[in-house]
Amino acid sequence: KDIVFGGWDIFPENAYDAAMNAKVLEKELLEQCKEELQKIKPMKAVFDKEFIKRIDGSNVKTGKTKMDLADQLRQDIKDFLKNNGCDRAVMVWCASTEVYTPPTAVHATVKSFEEGLRNNDPAISPSQIYTYAAIMERVPYSNGSPNVSVEMPALQELAKEMGCPISGSD
């Protein structure tokens, strides 16, 4: 009663159906929490085929810039907290592994990163957009994948400025 789960996915199915399709967890285990998982319907996700090439989905956000997408994520966070009566949130990245993104000049400072978001810099990955949105909303962010996000100097700088914990890298 004291915790609510939500998230984004490129597929529109609820969490139970998505988990059954993925076949990562045993069916018997999923059946134990079927009712709760069926209530979790994903928000549209930030997705870029340049970073994840083997899957595609229809439940994706659109925007003119990567900053537009970050702003949409920030609004999702605000709406989720409000609609679910939450006092706080934590974001755990557990999406598909992206193509490796080496640090570039756009990742050096918050200023360069935000400029890159506004200019659709191709070196900014979806996981980095989620990291940025979470930090901007002061939502602690944990990277549960090998994607490069919390390691980027700009996002570490922003986390320090915002007093927002970040962690992870599988």
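Buried residues are those under 20% relative accessible area, exposed ones over 50%, and partly exposed ones in between (1.4 Å probe, protein chains only). The structure is a predicted model, in which local features need pLDDT of at least 70 and side-chain atom pairs count only at pLDDT 80 or more, while totals for chains, interfaces and linings use all residues. Residues are numbered from 1 along each chain as its sequence is written, and side-chain values use heavy atoms, with hydrogens and water left out.

In helix α5 (110-118), the buried residues are V110, S112, F113, E114, G116 and L117; helices (H or I, at least four residues) and strands (E, at least two) are DSSP runs numbered from the N terminus. The cover over these buried residues includes α4, α6 and α7. N120, which follows α5, has a positive phi, near 55 degrees.

The largest nonpolar core contains 36 residues, and Y130 and Y132 have the most contacts inside it. Such a core is a set of buried Ala, Val, Leu, Ile, Met, Phe, Trp, Tyr and Cys residues joined through side-chain atoms within 4.5 Å. Two or more residues each come from α4 (66-83), β3 (91-93), α5, α6 (126-136) and α7 (153-162). Of these elements, α6 gives the largest share, seven residues. Beyond its neighbours within four places in sequence, Y132 is in contact (heavy atoms within 4.5 Å) with M67, A70, F113, E114, L117, L155 and L158.

Elsewhere, V24 lies in the loop between α1 (15-22) and α2 (27-32). V24 counts as exposed because its relative accessibility is 69%.
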